[in-house]
Amino acid sequence: MDLAFFGVQLLNGLQYGLLLFLIASGLTLIFGIMGIINLAHGAMYMIGAYLVYDLTFRLGNFWLAILVAIPVAVALGLLIERLFLDTLYKRDHLYQVLLTFGLILVLNEMQRIIWGGDVHSVPVPELFSGRIRLTDNLQYSHYRLFVMGVCLALAGVIYWVIRHTRLGIIIRAGAVNRDMVEGLGINVRTLFTLIFSVGVALTAFAGMIAAPLTSIAPGMGDSILITCFVVVVIGGIGSIKGAFWGAILIGMAETFGAVLIPSLASMVIYLIMAAVLLVKPRGLFA
Amino acid sequence: MLHTYPKRVVVIMLVLTAVVAVFPLWGPAVFGAQSDFLMEKLTLMLILALFAMSLDLLVGIVGLVSLGHALFFGLGAYTLALASPDFSPAAIWWMVPLVMLVSALAALVVGFLVIRTRGIFFIMTTLAFGQMLYYFVNTSRHTGGTDGVFIMFRPSVELGGAVLLDLDNPLTFFYLCLALVVVGYLFLRWLTRSFYGQVLDGIHDNEHRMEALGYATSHYKLVAFVISGVMASIAGMLAAMQYGFANPAQLGWHASGEVLMMLILGGMGTIFGPILGAFAYEILQHTFEHLTPHWPILMGLTIILAVLILPRGIAGLIIDPPSRARLAKSPLLRWLKPGQAAPTSEAVKPAASAPSREG
Amino acid sequence: MSDIMLQTRGLTRRFGGLVAVNDVDFDVRENEIHAILGPNGAGKSTLINLLSGEFPPSEGEIRYRGRPIQGRKARHVARLGIGRSHQKTNIFPRLTCLQNCQLAARIHMGGVFGSWRSRHQAREVDERALQALETCRLVQRAHTPASAMSYGEQRQLQIAMVLATAPRLMLLDEPMAGMGREETAQVTELLKGLADRYTLVLIEHDMDSVFRLADRITVMVDGCVLETGPTAQIRASERVRDVYLGRHHEEAHP
């Protein structure tokens, strides 16, 4: 493997990891603050991708599609939160698992009804359709760089919110001890709604900007969900910092695993998780 | 007392068992040509009942919510498929111990890792380990990839050359599955009422207190994890015999989710509930499939409704039948009118007193 | 020094920046009732949690019968013969009164597979469980589910469960918390009766009971030991009266 090829893989791993971070941070926020395990999180990623696919062709513009898709996804998330999750806050995790699993079945099937079972793709927007030449026969797409930039910017915003705002204090407190959130004298109901919307928006947005890079297919949410669980377990539940480094680690591991040890590639991330569990059962950053 | 139920439970279960057991007598008269197909369905339901019961030991009794239980089900199926010779049947006498050994070892390793985690972590890690095996069999050459592995011959049950049971005969296989469900049920009933079961109840209610008393709770949980995994692998082995193949879908996380649904439909923590749940789930799915190609929506909605209004499942309805007063307090009302006072959580499970946090 | 059962030196526990227990030297003598007094947040429960292995100390040493035990897990400490009860009622609500005690009594049967030990051993355990119930006057409730008992009975069951583990040293965190006058008197008598067979460390707010029961008292303030001594000495101590009793009375009568 020459240096340029290695460099491309490094960039790919980083880009994938950053995308994972957007999804995993939503997952970990929702758990850390609300104490809810949301299996339908991956379905929101899928819906984000399908919405952009649909709207890009309807409106003829990728950017416009994203602009319209975000409020739609958030509205759907809010609907779910208000209708179902509200009843689950005080209940056992088992019921949260079952209810959100039921939601997955419903959402996956709705996707089939609306968009069918075919695999789709979205063209890379013209603005970023160019490529950077790394060597004579290796190039790197502008769009991937753009995705990285957006993810990093969002990570920066999240970091700033957590470090420097009152909401951040609550989030950090929640990661250590969830009971404390309720003791802080804030309107828990509004906070939960806010956190859930942000979580859903992050994962749906990840699906949207990933749309030109992946094939948009039924069940795409399920596999990303499980990868994100691994990220969260490795990083430590509730920890945004853990989600970030966990996501980068898993992004790299999956990318390089696929290149270096193709026969074991699909298992690499689970083996890493097993190793982390062995050494630090509460995650690396808990 | 815990794990003892009203007499009507025994009566209902005995009657249902009898009805299922004599299906070969009345089935053809009622369903005609469809009867053979239905008996195959019944056999499958019995296998799933065994699978659901095994998970109940973890989820309902110990309180460990596993979202990766299909791992062991699939492991049983694949062990049978891969260890069976291509051109002759395997002998059941070494196949069953092999399946049990493989699954026990897997449960020991996976259990050792996941039992170090709690609550939501446990859910995520069991799910992840289940998917690990799923992706492995999906991509590995030795396991036939997405196609799975076909089983050419069901194992033989012979002793000294004499055929004791002919598993290729659907009727024999049906009764074998029925017998295993009964044995499995009696075993779990004995286990939950034994002292070991009492310790598991204690762990479910208040693990912290059990530790303070002097119990190494993780050892108890690990043993339950292994027992449960081995039972699930037996069910998986039977399923592979029934289908004639082992297939990645048998150990994917949707299979794990489905068996959890059987638990909630039937009523967890009761051992007999999940048996009812497996039947109810399969019957519902069968019905929905006939109604619409988009049956997963109906299945999903059923589960959501069950979580909201029937958290103790069918077993809960049998143990204490709904009265007018209890209906008035049902969570459904709360769901419809969120402003109302919250009902007590007795419908879910007795509140365990939290460990003292004062310092 | 043979009559010292439990001893701590320089025992300290920090939670983040907060020092909950600060450099505590604390001795418990064999067969005494040793009460720990102090205002809320003085670190009494944390001290008990350190002694029982609930969490490890940040610094310092705990010796039980001459052997260092700091850093051992709660279940190991329990098996050494240090039983504890919690401040909040901490029983198994779905099990009967007797089953609760059996659960406690069987910890010495060893391992998971002890669950399937001989009938002879099982009978021994059942006897110990019954004895514990008898001591706590709960025999007539043996087959009542714990959740169906009154609050006072549940608190007594907690003590019975500690007894059933056959401890040498009992750590009781506010055994009379939330009890009525009559029940308090009853439990005070019960504890008094245990004194000749067991060593007791007791956190309690009820002054009358403490002065009636305790042989020695340790007073804690802000994580530190203010004074340790025989009950009469603490009762007469100016320092204790100023710093603790004064404040306590303010709390009681605002």
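The structure is a predicted model, in which local features need pLDDT of at least 70 and side-chain atom pairs count only at pLDDT 80 or more, while totals for chains, interfaces and linings use all residues. Residues are numbered from 1 along each chain as its sequence is written, and chains are lettered from A and ligands numbered from 1 in the order in which they are written.

The C-alpha atoms of chain C fill a box of roughly 55 × 40 × 35 Å along the principal axes. For 254 residues, a compact globule would have a radius of gyration near 18 Å, and the 18 Å of chain C agrees with this; the radius is taken over C-alpha atoms, and the globule rule is 2.2 Å times the number of residues to the power 0.38. Of the 254 residues in chain C, 45% are buried, that is, with 20 or more other C-beta atoms within 10 Å of their own, the C-beta atoms being placed from the backbone.

An automatic or database assignment divides chain C into domain 1 (1–81 + 167–254) and domain 2 (91–166). Their C-alpha centres lie 25 Å apart. Across the boundary, 11 residues of domain 1 of chain C are in contact with 11 residues of domain 2 of chain C, contact meaning that C-beta atoms placed from the backbone lie within 7 Å. On the domain 1 side, α2 (74–80), β7 (169–173) and α6 (181–194) of chain C each supply at least two residues, and α6(C) gives the most, with 3 residues.

Turning to chain A, an unreviewed UniProt entry lists several segments as "transmembrane region", among them residues 62–85 and 190–211; such annotations may be inferred rather than shown by experiment. In the model, residues 62–85 of chain A are 92% helix and 0% strand, with end C-alpha atoms 32 Å apart. Residues 190–211 of chain A are 95% helix and 0% strand, and their end C-alpha atoms are 31 Å apart.

Finally, 37 residues of chain A are in contact with 40 residues of chain B. The side of chain A that touches chain B draws at least two residues from each of α4 (93–115), α9 (220–235) and α11 (265–279) of chain A, with α4(A) giving the most, 16 residues.

Key:
Two residues are in contact if their C-beta atoms, placed from the backbone, lie within 7 Å. Helices (H or I, at least four residues) and strands (E, at least two) are DSSP runs, numbered from the N terminus. A residue is buried if 20 or more other C-beta atoms lie within 10 Å of its own, exposed if 12 or fewer, and partly exposed in between; C-beta atoms are placed from the backbone.
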